[in-house]
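Please look through the chain below and follow its helices one at a time. The report after it takes a few of them in turn.

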Amino acid sequence: MKLLYVKEHLSCRNYVSDFHIGFQYLEQETGESIIKGDKYYNYIVFLLEGYMTVSGPEVQEHVCQGGEMFFIGRNLTYQIEIESPVKYILLAFDNPVSFGNDLTLQDLQYEVSNEQRFRKLDMCEGMLVVTNSIRFYMEHKIQCKHLHAAKQQEVFMVLANFYTKEQLAGFFNPILNSITDFKEFIINHYQDVKTVEELARLCNSSVRSLTRKFHEHFGDSPYSWMLKQRSKHIKMKITDPKVPFAEIINEYGFSSPAHFTSFCKKYFGEAPSHIRKKHKERLLVKS
C-alpha cells in the first residue's frame, strides 16, 4: 500500500518531527546494545519479535521476548542487550498517564510492592491489535501528532481494561514510587513555607519544574493546591470556639480583621462569625 500526498503530509504543521515524543518502529540486529534512560520522558517498549536482555542498577537481569512489553520510568537507566534480531515499538511520553476512565495512577499506589522494581507483561490480544496498527502507520511514515495522541490513549485504554490493577502497579512501579515520594514530601512540608517560590526552593527545584510536577502528581498548580489546603486549615480553626479569630488572623498572616472576613466570604461564602455560629448550632442539634 502506497502513502498518498507525501509532500502534504510532511509539510503539515501536525507532522511529528521530534521523535523524542510519540511512537517509533525500530529494527535492530543481534549483539547491539542500547542504554535507555531520560530525565524528561517515560518509555514503554513493545517487543514484537526477537529477544532482549534488560538490566539496570536496581533491576535484576530479565530476558524479554516477542509479545512482551516493559516500562522505563524517567530518571532510570536500563541496559538493553539485543540477543536476536528484534522488531519493537518504542513509546515515549512526558505527560501523566491517562487511562481514559476513573482509574488513576494514584489508585495503583495501594497495589505497589517495594520489591517490584521491574515487571514485564504479555501483550494481550487487544494490545497486539493496537501495536500492529501502530507498526503499519509507522512503516508508512504517517507521523501526524493527532495519530500519536490517539494511539497513546488507545494503549492506555487497553491497559486499563484488560490488565489487573496489580499487574499495572508492577508495570508502572518506577513512576508510582516517584509519585509517592514527591507527594509525601509536599504533604509533610508545605506548611513550612508561605509561597510557591519558598516551596520550590525547599524542593531544590525551579518554580516552572515544580509547577509541571504538581500538575502531574496533584492535577493542580502549586498555588491553587496550597490555597485549598490553607483554606481547609483556616475553616477548621474557625469552627473551633476555643480559637480566637485574632489568633487565626495572626497565624495565617491576614493584614486585618477585614482582610480575614473578606477571605472567608470569598472562599467559604460567609463571614467567619456566621461559620462559627452555624457550626455550633449543628453540634447542638446533634447532641
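## Helix H4

The 18 residues of H4 should span 26 Å at 1.5 Å a residue, and the end C-alpha atoms are 26 Å apart, which agrees. The expected span is 1.5 Å times one less than the number of residues in the helix. Helices (H or I, at least four residues) and strands (E, at least two) are DSSP runs, numbered from the N terminus. This is a predicted model, in which local features need pLDDT of at least 70, side-chain atom pairs count only at pLDDT 80 or more, and totals for chains, interfaces and linings use all residues. Residues are numbered from 1 along each chain as its sequence is written, and side-chain values use heavy atoms, with hydrogens and water left out.

Which residues of H4 are buried? They are Leu147, His148, Lys151, Gln152, Val155, Phe156, Val158, Leu159 and Ala160. Buried means under 20% relative accessible area, exposed over 50%, and partly exposed in between (1.4 Å probe, protein chains only). Contact means heavy atoms within 4.5 Å.

## H3 against H4

Two packed helices are described by the angle between their axes and the distance between the axes. Helix H3 (residues 125-139) packs on helix H4 (residues 145-162) at about 165°, and their axes are 9 Å apart. Axes are lines fitted to C-alpha atoms, for helices over the stretch in contact, and angles run from 0 to 180 degrees between N-to-C directions. H3 and H4 are therefore roughly antiparallel to each other. The cut-offs are under 35 degrees for roughly parallel, over 145 for roughly antiparallel, 65 to 115 for roughly perpendicular, and oblique for the rest.

H3 passes H4 in a left-handed crossing. A crossing is left-handed if the near helix is turned anticlockwise from the far one by less than a right angle, and right-handed if clockwise. On the H3 side, the contact is made by Gly126, Met127, Val130, Ser133, Ile134, Tyr137 and Met138. H4 brings Leu147, His148, Lys151, Glu154, Val155, Val158 and Leu159.

Methionine 127 sits in helix H3. Methionine 127 is buried, with a relative accessible area of 0%. Leaving out residues up to four places away in sequence, methionine 127 touches Phe46, Met69, Val155, Val158, Leu159 and Tyr163. Its C-alpha atom is 10.0 Å from that of glutamate 68, which is 59 residues away along the chain.

Now move to the loop between H3 and H4, where lysine 141 is found. Is lysine 141 buried or exposed? Lysine 141 counts as exposed, at 55% relative accessibility. Its phi is near 60°, a positive value in a residue other than glycine.

## Tyrosine 88 in a strand

Tyrosine 88 lies in strand S8. At 5% relative accessibility, tyrosine 88 counts as buried. Tyrosine 88 and glutamine 24 are 64 residues apart in sequence, yet 8.3 Å apart in space, C-alpha to C-alpha. Beyond its neighbours within four places in sequence, tyrosine 88 is in contact with residues including Gln24, Tyr25, Leu26, Val45, Phe46 and Met52.

The 17 residues of H9 should span 24 Å at 1.5 Å a residue, and its end C-alpha atoms are 24 Å apart, which agrees. The buried residues of H9 are Pro222, Trp225, Met226, Leu227, Gln229, Ser231, Ile234 and Ile238.

The axes of helix H9 (residues 222-238) and helix H11 (residues 257-268) come within 11 Å and cross at roughly 110°. H9 and H11 are therefore roughly perpendicular to each other. This crossing of H9 past H11 is left-handed. Leu227, Arg230, Ser231, Ile234, Lys235 and Ile238 in H9 meet Phe260, Phe263, Cys264, Tyr267 and Phe268 in H11.

## The whole chain

How many helices and strands are there? The chain has twelve helices and nine strands. Buried residues make up 41% of its 287 residues. Of the contacts with a separation of 6 or more, 72% join residues 24 or more positions apart.
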